[in-house]
Amino acid sequence: MRWKISAAIAVVSALVALALSLVVHNAARLSMINSSRDVQDERVQSALRIYEATGRLVFYAQLDDAGLPKELKAYAAKGQRATYVADTRSSAPTVWAATPVSGGHVLSLKSTFTDRYSVLNDLDQALVAGSLSVVVGGTALGVLIGGRMSRRLRLAATAARKVADGNTQVRVREAIGGRRVRDETDELARAVDAMADALQLRLEAERRVTADIAHELRTPVTGLVTAAELLPPGRPAELVRDRVHALRTLVEDVLEVARLEGAAEHAELQSIGLGDFVTRRVRNLAPDAWVTIDEDAVVRTDPRRLERILGNLLVNATRHGRPRIEVVVDGPVLRVRDHGPGFPADLLREGPSRFRTGTPSRSAPGHGLGLTIATAQSRVLGARLTFRNAPAEDGGGAVAQLLLPR
């Protein structure tokens, strides 16, 4: 925007300066020519009086000049005195003056006013210098104004991205310094802040309702688990226990999502060796997975939350992918890959969403909360969790990558 505004101001300044310079130049040239006509007319009258009184030609006057323009000859034939300007635009104009003389003769003068033309050249140089100064000054002003506006817009965009990432403490108007400057950018910041506040209130209300529902369900679900354990052995009892266990897991996951979305969670950080940590956890969580340590690293993180992320990624790879499942530690980067159909396009485009499993069938395993919880936990750790699909020529499959701070 800064350069666009600067270019626009420079173009407008150049056009205005050019137009004014042309007007001033033409007006000055016309004034000089008219002045030269008047001088030449006075000279020819004086030369005529002297010639009629003494018979001498003065001021380099000539009688019946062969080079006299035909327009002047026509006026002289009518008995009129006239002036004529031969203007080539490339050099000083030649000014003629002619008057009829008794006996059918024509007295004429021809002069080139080079001194006045040099003044016009000096004026043109001054106009060019002034025009360049106007263009340079206008461009500098455009850079200053555009740079200030562009900087405020960049600050507003940065603050808006922080709000979109879940930082509810950021306000766009404060980020751009809206208390010092009042303009359209300040109005935009006010609107974005109002929208962010409204969305935050709505999301907070939704989170609170979700947490309250899950919390209220926790007590009866606990009773169902206890009652299911008292059922006599048999296939019906196993089905009931399985469904009750799934319901309990769902309630716990919903509660965890509500807590994480409340932005009140804090990580208990400690330094751990990532390679040894992942090897031991994968051995318990997914014994069939392959673990590769390309480069070990010591990271500062919350082991409990990291284990939760790793477990959810392995469960997702087991449920929706196909063997083999690979876990790679490459410095502070942890990758989990399967060789299944890969992540759905909407997940890659929009990120994980609650209760969206990526399969149209309602009977598919899982509730779509695993990757949502993993993403939220990674934000608490200050890590970055990304999702992509491996190329088909490399075997395909889904790749989840977690970048941990060292």
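**Exercise 1. Determine in which helix L120 is placed, and whether L120 is buried or exposed.**

Solution. L120 has its place in helix α3, residues 114–164; helices (H or I, at least four residues) and strands (E, at least two) are DSSP runs, numbered from the N terminus. The model is predicted: local features need pLDDT of at least 70, side-chain atom pairs count only at pLDDT 80 or more, and totals for chains, interfaces and linings use all residues. Residues are numbered from 1 along each chain as its sequence is written, and side-chain values use heavy atoms, with hydrogens and water left out.

The relative accessible area of L120 is 2%, so L120 is buried (under 20% relative accessible area; exposed is over 50%, partly exposed in between; 1.4 Å probe, protein chains only).

**Exercise 2. State which residues L120 touches, not counting residues up to four places away in sequence.**

Solution. The residues touched are H25, A28, R29 and M32, where contact means heavy atoms within 4.5 Å. As for A92, its C-alpha lies 9.7 Å from that of L120, at a sequence separation of 28 residues.

**Exercise 3. Describe how α7 and α8 pack.**

Solution. Helix α7 (residues 274–285) meets helix α8 (residues 303–320) at an angle of about 50 degrees, and their axes are 11 Å apart. Axes are lines fitted to C-alpha atoms, for helices over the stretch in contact, and angles run from 0 to 180 degrees between N-to-C directions. The two helices are therefore oblique to each other (under 35 degrees is roughly parallel, over 145 roughly antiparallel, 65 to 115 roughly perpendicular, the rest oblique).

The crossing of α7 with α8 is right-handed, meaning that the near helix is turned clockwise from the far one by less than a right angle, left-handed being anticlockwise. On α7 the contact uses L274, F277, V278, R281, V282 and L285; on α8 it uses P303, L306, E307, L310, G311 and L314. By class, this contact holds nine nonpolar, one polar and two charged residues (nonpolar: Ala, Val, Leu, Ile, Met, Phe, Trp, Tyr, Cys and Pro; charged: Asp, Glu, Lys and Arg; polar: the others, Gly among them).
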